[in-house]
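Me: I am new to reading structures. Could you walk me through this one, feature by feature?

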Amino acid sequence: MGTVTLTAVLAQGTATVMAVLAAPLLLGWLNQCRAWLQNRSGPGLLQPYRQIRKLFHKDAVIASNASPLFRLVPYVELASMALAAAIIPTLWTRLPFAIAADSIALVGLFAMSRLFLALAAMDIGTAFGSLGARREMLVGFLAEPALLMVFFTTSLIAHSTSLPTIADGFAHQPFVLYPSLAFACVAFLMVLLAENARIPVDNPTTHLELTMIHEATVLEYSARHLALIEWSAALKLFNYVCIGLALFLPWGLAERPTDPTGLLLAVPALLLKLAVTGSGLALIETLNAKMRIFRAPEFLATAFLLAMLGLLVRLLLGS
Amino acid sequence: MTNLPLELINTCAALLLLLSFAMLSQRRVLTQVDLYAAQGLVLGVSILITAWNTHQPHLYYSAGLTLLLKVLVLPFILHRLIRRLDAIWETETLLNMPSVLLIGLLLVMFAFVLAQPISELATTLTRGTLGIALAVVMLAFLMMITRRKAVTQVVGFLAMENGLLFAAASTTYGMPMVVELGVGLDVLVGMFILGIFLFHIREQFESLDLSHLESLKED
């Protein structure tokens, strides 16, 4: 796919840094939309940044029995999410780094970050930490096959497992109605909600430890470590939304960064799509209530089923 | 180059399959009836598209009959029946929903493999959808097997008929008019008889739970 030239690498590096910097903005927009939908005035778009800055100014408190792994994990989290951002086509499709990892490796990258988070949660040895780690792994191990099936469906249609190639194929070919893609899209949305600890599966704003999934794994973190973890969570949401956009709404993507007219179209298109998706996610979260933890397997089994149906429909009908 | 009618029919087929799974995993009885009505609507639309695309006048009648019977009449009767039976808020305890869904998935695969050689023999435009039609029939079967309540079993029976009609429409562009009318009326009459059965079952056991039928002797 993309040829590795200096300009391409520089442009991709800049785009990745921009993605890392802009990711909390999407979270802020989502929270703002949620607040509006719930008739609250809302904390403003920049609240995640304020939160992160506040946390960076505090002194870190670390349990005396914490191992080096515990200190390392926040950096691993942010680094793996930044790496993922580098191989997801957000603005153009000729990504120089894309040859390094395809969509299956991307799933592995997400799995690795989840594994490290679970290890860190169990590291201190508190009850809530290991409870959160177990729940996180439960959700993760059910969501991962569904995500893989979604990628397989799109790969079957595009004849490639590389994310930029898939997005390129969908963006620059005449419109064809694929029912299998609709199935995959719904399944992906469910995986997105589960993996990012959004409402039907987990409540990101909960203060009740017994119902926590993701929050329970980071209870022991404070100050700069917590800031990094929250930042990487925002980046993870951003990454997932961008994967969804690249797979199911790829229109407006430019081909290469050196094409100014394409970029001129791609940047507003991306902002518009992110804004619409963010408000859509907020709507889903407002309409649904958090389900019991034991309903989560049913939710994710449905996601897996939909993705699998998409795959079967693709194989049988060729559509 | 793109074949829009075929794509639309394939989309309808996929929607039918999705609705079957939705019925399989639905707990509320009333919602299930609504899902059945939606399935009838999708079925009618897909037959309409086939009729419009192949210029077969009798398929228009078939589509009209489907839309009238399965979107309006049968759901109306079922709604009335449920209200008369005081079963509006009735829910089912599903046994392990993920595994039922996985069994359903296996059935779909089985149906697809089974339909592959048959659909290669067919010459119609929509032959690829036979597998989905078979899968809808099997999923309706599964629904009847896993459910305890009488009303949901009736809905499962009706959904199975939907699958059969779709299979007929996709492989041979519909059955002769006489057969189709006969099947349509059969379903209507069957619905009435089953309705009467339901009242009797409730009168006898004061519940619509079919597990009561398993005990033959009165204690």
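Me: Let me start with one helix. Which helices do the buried residues of α6(A) pack against?

Reply: First, some ground rules. This is a predicted model, in which local features need pLDDT of at least 70 and side-chain atom pairs count only at pLDDT 80 or more, while totals for chains, interfaces and linings use all residues. Residues are numbered from 1 along each chain as its sequence is written, and chains are lettered from A and ligands numbered from 1 in the order in which they are written. Helices (H or I, at least four residues) and strands (E, at least two) are DSSP runs, numbered from the N terminus. Two residues are in contact if their C-beta atoms, placed from the backbone, lie within 7 Å. In this case, the buried residues of α6(A) pack against α4 (103-123), α5 (127-158) and α9 of chain A.

Me: How many residues of helix α6 of chain A are buried?

Reply: A residue is buried if 20 or more other C-beta atoms lie within 10 Å of its own, exposed if 12 or fewer, and partly exposed in between, with C-beta atoms placed from the backbone. Helix α6 (residues 163-171) of chain A has seven of its nine residues buried, so it is mostly covered. Among them are A:L163, A:I166 and A:F170, and also the charged-type name A:D168.

Me: What is the secondary structure of chain A, and what is that of chain B?

Reply: Chain A has 11 helices and zero strands. The radius of gyration, taken over C-alpha atoms, is compared with the globule rule, 2.2 Å times the number of residues to the power 0.38. For chain A the radius is 19 Å, close to the 20 Å that the rule gives for 319 residues, so chain A is as compact as a globular protein of that length. Its C-alpha trace spans about 55 × 45 × 40 Å along the principal axes, and 49% of the 319 residues count as buried.

Chain B comes to seven helices and zero strands. With a radius of gyration of 18 Å, close to the 17 Å given by the rule for 219 residues, chain B is also as compact as a globular protein of that length. The C-alpha trace of chain B spans about 65 × 35 × 25 Å, and 40% of its 219 residues count as buried.

Me: Which residues touch the most other members of the largest nonpolar core?

Reply: A nonpolar core is a set of buried Ala, Val, Leu, Ile, Met, Phe, Trp, Tyr and Cys residues joined through C-beta atoms within 7 Å. The largest one here has 148 residues, and those touching the most other members are A:A146, A:A187, A:V191, A:L300, A:A307 and B:L16. Helix α9 (residues 223-248) of chain A gives the most to this core, with 17 residues. Beyond four places in sequence, the contacts of A:V191 include A:A143, A:A146 and A:A303.

Me: How many residues of chain B are in contact with chain A?

Reply: On chain B there are 19, in contact with 17 residues of chain A. Helices α1 (4-24) and α4 (97-121) of chain B each supply at least two residues of that side.

Me: Is B:S25 buried or partly exposed?

Reply: B:S25 counts as partly exposed, because it has 18 C-beta neighbours inside 10 Å. Setting aside neighbours within four places in sequence, B:S25 is in contact with A:T302, B:M97 and B:L101.
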